[in-house]
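Thank you all for coming; I would like to walk you through one structure this morning. Please have a look at the sequence and the model first, and then we will take the features in turn.

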Amino acid sequence: MQHIETVAEVNQNGMITITLPANIRPGKHHILLVIDEALTEDNTQLVDHAPKLMQMAGRVSAFAAIDDPVAWQQQQRDEWRRHEDKS
């Protein structure tokens, strides 16, 4: 999995064009696109959302049942690797 953060220009047809790194193989990929607020001349820098995210620390119960977060994360990565090995 790769994380790419950039600023993109949306054209009149609602389309953007991006060039992916050379190591991305042709084929279907899961892509997550997050549309943040439109940038203006006064707001052209990428915003650090970490402080807002940290306000949620301890409030999200989705992972409350995980006793050992490190072991859980390793298990997730092992599953991803097994899935990648099959493709």
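By class, the lining of the largest pocket is made up of 20 nonpolar, 12 polar and 9 charged residues, where Ala, Val, Leu, Ile, Met, Phe, Trp, Tyr, Cys and Pro count as nonpolar, Asp, Glu, Lys and Arg as charged, and the others, Gly among them, as polar. What we are looking at is a predicted model, in which local features need pLDDT of at least 70 and side-chain atom pairs count only at pLDDT 80 or more, while totals for chains, interfaces and linings use all residues. Residues are numbered from 1 along each chain as its sequence is written, and side-chain values use heavy atoms, with hydrogens and water left out.

To stay with the pocket, 41 residues line it, and Gln 2, His 3, Ile 4, Ile 31 and Leu 32 lie nearest its centre. A pocket here is, on a 1 Å grid over the protein atoms alone, an open set of points where a 1.4 Å probe fits, with protein on both sides within 12 Å along at least five of seven lines, and lining residues have an atom within 4 Å of a point. The space in this largest pocket is about 2200 Å³, the volume being that filled by probe spheres set on the points, which are joined across faces, edges and corners.

His 3 sits in the segment before α1 and is exposed, with a relative accessible area of 68%; the cut-offs are under 20% for buried, over 50% for exposed, and partly exposed in between, with a 1.4 Å probe and protein chains only. From His 3 to Ile 31 there are 28 residues in sequence and 9.9 Å in space, C-alpha to C-alpha.

How many helices and strands does the chain have? There are 2 helices and 0 strands, taken as DSSP runs numbered from the N terminus, with H or I over at least four residues for helices and E over at least two for strands. Of the 87 residues of the chain, 1% count as buried.

Turning to side-chain contacts, the structure holds 1 salt bridge, meaning a side-chain nitrogen of Lys or Arg within 4 Å of a carboxyl oxygen of Asp or Glu. The partners are Asp 78 and Arg 81, at 3.3 Å from N to O, and because they are 3 residues apart in helix α2 (residues 69-86), about one helical turn separates them. Asp 78 counts as partly exposed at 31% relative accessibility, and Arg 81 also counts as partly exposed, at 43%.

Lastly, Thr 6 lies in the segment before α1 and is exposed, with a relative accessible area of 51%. The C-alpha atoms of Thr 6 and Ile 18 are separated by 9.3 Å, the two residues being 12 apart along the chain.
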